[in-house]
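Dear colleague,

I am passing on the structure we spoke about, together with some notes on what turned up in it. Please have it open while you read.

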Amino acid sequence: MKDESGADAVVIGGGIVGCMAARYLVEAGRRVTILERSAIAAGSSAGNAGILAFPEIVPIPSPGITWKAPGWLLDPLGPLTIRPGYAARLAPWFWHFWRASSKRNFERGLTVQAALMRLAAAEFDAVRKDERLAAFVVNTGTLDLYDSEKSFLAAAPDWERKRAAGFDFHRVGRREIETLQPGLASRFEHAIYSDDGLQVADPAGFTRALAESLLEDGATIAIGEAVAIEPTGAGACIRLADGGTMDARTVVVACGAWSKQLAKSLGETVPLDTERGYNTTLPATAFPLRRQLYFNDHSFVVTPLSSGIRVGGAVEFGGLDLPANFKRADMLLRLAKRFMPGLETEGGERWMGFRPSMPDCLPVIDRSKAAPNVLYAFGHGHLGLTQSAATGRLIAELAAQQKPSVNLEHLRFDRFSGR
């Protein structure tokens, strides 16, 4: 590919984070090209659950979690699995995860995530006012369900942390659960309801509409696979798989799980791995679903989309190259049927995607040390859609060398160095 874009900023990655970064750069007056290796919203931006999970501020690595992990791994229906042969490659990642679960690091992560989520909510509210995007965001409310009073009470400290951060919700019992979402199994007598739970009804369509709005606003989209980045006197040079190059004054690396290799080409090591997520999208007629449902004791969700009902979640570590294991999707569907007895499980479409995850479950939003005109925006894990607008705002501020809206100290790419 010969670079004919005339762009002074190139965003590598056509997912939701990359497109949001491009939006904010365009708003700042930059000439932007999105470089995508296949198609806009071809990855996790198409297969996510569509939840705008602003209250999810509690870090996954928390005190005591390492004692729970073995039980999850031994449970064939558990929320976590590691593909055979991949465990050794994960050892450094899990070392950092264990370190992040200390009380001190947990509290720090909570503070960082809360600040980022407040910005995320404010920025997404501004984005959804764009008439080209507004129709994709709907208010469904969110119902967090627990199997027992014991598990509900165990989660109470996390809910208090969310309340302290400014998020609103209330406890509901069996009668209210049945009113809010009829048809759930009678075992669910304890839940939390968030009236302002927001849902992107079509995650893929939303990202594509965002890209189309960028084209209207003067951005361009190029198809090509970035394999390396080199610093130049005027910015950076992107080397492509076909032998071509693209030069830009600013380069944003926002290609999810594939970002690690581009950072490596600059000599920068990032402990990024991928949590392979599975889901099945059933026809809308499969169940009269009204709300976003979190089955918290089983780490999966059921969400209402314009295309149907999406049942997804759980975590599988297996890298980028191993084939999909759709038994994980089937397992989630069986659980959903148990908890939603009237659910029709036929006619669904299964999917597997890659969530780019850092060990402390915080993203990387930073400037490269090797190439100061290269900016990093990846590693959002389960929260890429939720934090996309905030990331776009922060990337635009970094590009303009402005003071960022939140402290980025603990979102540095090299924050694990020396640990």
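Below are notes on a helix contact, a group of salt bridges and a strand hairpin.

Please keep in mind throughout that this is a predicted model.

I begin with the helix contact. Helix 1, residues 16-27, and helix 5, residues 103-127, pack with their axes 13 Å apart and at an angle of about 70°. Since angles from 65 to 115 degrees count as roughly perpendicular, the two helices are therefore described as roughly perpendicular to each other. On the side of helix 1 the contact is made by Met-20, Arg-23 and Tyr-24, and on the side of helix 5 by Glu-123, Phe-124 and Val-127.

Turning to charged pairs, the structure holds 23 salt bridges. Arg-132 takes part in a salt bridge with Asp-130, where the closest N and O atoms are 3.0 Å apart, and in a salt bridge with Asp-217, where the corresponding separation is 3.1 Å. As for accessibility, Asp-130 is buried, at 12% relative accessible area, while Arg-132 is partly exposed at 30% and Asp-217 is partly exposed at 41%.

A further salt bridge links Asp-414 with Arg-412, their closest N and O atoms being 2.9 Å apart. Here Asp-414 counts as buried, with 12% relative accessibility, and Arg-412 as partly exposed, with 24%. Through shared partners, salt bridges also join Arg-23, Glu-27, Asp-130, Arg-132, Glu-216 and Asp-217 into one network; Arg-23 is also one of the residues of helix 1 that make the contact with helix 5.

Finally, there is the hairpin. Strand 12, residues 235-240, pairs with strand 13 in the antiparallel sense over four bridges, and Ala-236 has Ala-248 of strand 13 as its bridge partner. Four residues lie between the two strands of this hairpin, in which Gly-243 takes a positive phi near 95°. In a regular strand, side chains alternate between the two faces of the sheet. Strand 13, residues 245-248, has Met-246 and Ala-248 on its covered face, and Thr-245 and Asp-247 on the uncovered one.

Terms used:
Residues numbered from 1 in each chain as written. Predicted model: local features only at pLDDT ≥ 70, side-chain atom pairs only at ≥ 80, totals over all residues. Heavy atoms only, no water. Axes fitted to C-alpha atoms, helices over the stretch in contact; angles between N-to-C directions. Parallel < 35°, antiparallel > 145°, perpendicular 65-115°, else oblique. Contact = heavy atoms within 4.5 Å. Buried < 20%, exposed > 50% of the residue type's maximum accessible area, 1.4 Å probe, protein only. Pairing = 2+ DSSP bridges. Salt bridge = Lys/Arg side-chain N within 4 Å of Asp/Glu carboxyl O.
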